[in-house]
Amino acid sequence: MSLKNVRLEVMKFLEKDVDALIEKYLVPIDKIWQPTDFLPNSEGEEFFDEIHEIRELAKELPYDFWVVLVGDMITEEALPTYESWLMDVEGIDQVDNPNGWSKWVKHWTGEENRHGDVLNKYLYLSGRVNMREIEVTTQYLISDGFDIGTDRDPYKNFVYTSFQELATYISHNRVAKIAKKNGNKRLARMCQIISGDEMRHHNAYSEFVERIFEVDPSQMMMAFHYMMKQKITMPAHFLRESGDNISTAFEEFSNTAQRIGVYTSKDYVDILQKLINRWEIDKITNLTDEAEKARDYLMKLPDRMYRLADRMKIPENSFQFKWVEPAIIK
C-alpha cells in the first residue's frame, strides 16, 4: 500500500474520535467569548469615554510593541489562507463525503477568526497605527498565499499546527504581559484570552500527532523529522508592505519580535524540545531503520539549535514600518 493510502486509512481510523475531540478542545459558539466582550459597547453611553481611554493608554506603549501587535493581527487575519490549505489535506473531505475532519477545520476556523477581529478593531480604535497600510499588507498576505512545506500530507500538517499554535500562544502571552506592565489592562486581557485559545488548539493538534504515533510510528517519525529538518516556516513569511516585494517585511518584523522578547530563536528551539518531550520520541518502539535514524536526528537537534540561537545577533535599531507612524516612536 502506498504511503498516501496508509495516511488516508489512518485519518479514516482516527476520524471516529473527531466529535469527541471537538467537544474536548473547542468551545460551543454560544459559550465562547466574542470580540465585543473586550471592546467599547457602541450602543452604550460610555462608548466615546472608553475610546478616549483606549487612545490615551495606547500612547504609553512603545513603537516596537505596535509593530509586533500589528504583525500578530495581520497573521491572524490571513485565516482564509490557512483554512483553504487545511481543507486540501489528504483525509479531509468537505465535498464528496463531508467528514469529521472537515468539521474540525471549520469549527477551529470559527474560533481562530475572532482573534483577528478583536485585534483589528482595537488597533483601529487606538489611533496609533496606519490602518490603510495594515489593510494593504493583510490583503497582500492573503493574495500571496503561503507554502508551509507540508504538501497535502496530514502528518506533516499536524506537526506544523502543533508547533505553530504553541508559537502563537507564546507571542500573544508575551504581548499581554507587556501591555499589563504598561497599565493597559484591556489589551492585556484580550491578548491573554487569545493565547488561551492558542494553547487549547496546540493541545488538540498535539493529541492528533500522539494518536498517529500509536498506529503509524515510523511514518509519523519521518514526517516530524522532515518538518524540523526543513525548519518550520512562519505563516507570515510572505509579509510585505505596500509597494514592496513579497517577503520583504517578514525579517524586520521577526527582528522586532525578537528585540522586545515576544518571540525569539530560543523560543523556536524550546517548542521543538517541548514537542519531543510531549510525544516521548525517545520511548517510541517498532520503528524502521530509517525512522530510527530520524529519531536520532531529532533527539540531537535541540542542542545544536540552542548553540546557533546563542550566536544570533539582532539589530538594535527599529525598522520604520509604514504600519506605525514615526511620530509615536518611544
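Leaving aside neighbours within four places in sequence, which residues is W104 in contact with? Select W104 and look for V18, L21, I22, Y25, L26, A204, Y205 and F208; contact here means heavy atoms within 4.5 Å. The model is predicted, with local features needing pLDDT of at least 70 and side-chain atom pairs pLDDT 80 or more, while totals for chains, interfaces and linings use all residues. Residues are numbered from 1 along each chain as its sequence is written, and side-chain values use heavy atoms, with hydrogens and water left out.

**Core**

Buried means under 20% relative accessible area, exposed over 50%, and partly exposed in between, with a 1.4 Å probe and protein chains only.

**Pockets**

Next, select M234, S254, Y263, S265 and Y268, which lie nearest the centre of the largest pocket among its 39 lining residues. On a 1 Å grid over the protein atoms alone, a pocket is an open set of points with protein on both sides within 12 Å along at least five of seven lines, a cavity is a set where a 1.4 Å probe fits but cannot get out, and lining residues have an atom within 4 Å of a point. The volume of this pocket is about 840 Å³; grid points are joined across faces, edges and corners, and a volume is the space filled by probe spheres set on the points.

Colour helix 11 (250-259), which gives the most to this lining, with 7 residues. Helices are DSSP runs (H or I, at least four residues), numbered from the N terminus. The lining of the largest pocket has 21 nonpolar, 12 polar and 6 charged residues. Ala, Val, Leu, Ile, Met, Phe, Trp, Tyr, Cys and Pro count as nonpolar, Asp, Glu, Lys and Arg as charged, and the others, Gly among them, as polar.

Move to L8, G91, I92, D93 and N99, nearest the centre of the second largest pocket. About 320 Å³ of space lies in this pocket, and helix 1 (residues 3-15) supplies the largest share of its lining, 5 residues. Its lining has 6 nonpolar, 4 polar and 7 charged residues.

**Cavity**

Select Y82, W108, Q164, E165 and P235 to find the centre of the largest cavity, which is lined by 18 residues. The cavity holds about 240 Å³ of space. Helix 8 gives the largest share of the lining, 6 residues.

**Salt bridges**

The structure holds 21 salt bridges, each a side-chain nitrogen of Lys or Arg within 4 Å of a carboxyl oxygen of Asp or Glu. Select K24 and E207, whose closest N and O atoms are 2.8 Å apart. K24 is in helix 2 (residues 18-25) and E207 in helix 9 (residues 185-215), 183 residues apart. K24 is exposed at 54% relative accessible area, whereas E207 is buried at 9%.

Finish with R200 and E111, which form a salt bridge at 3.0 Å, N to O. R200 is in helix 9 and E111 in helix 6, 89 residues apart. E111 is buried, with 4% relative accessibility.

Definitions and conventions. Helices (H or I, at least four residues) and strands (E, at least two) are DSSP runs, numbered from the N terminus.
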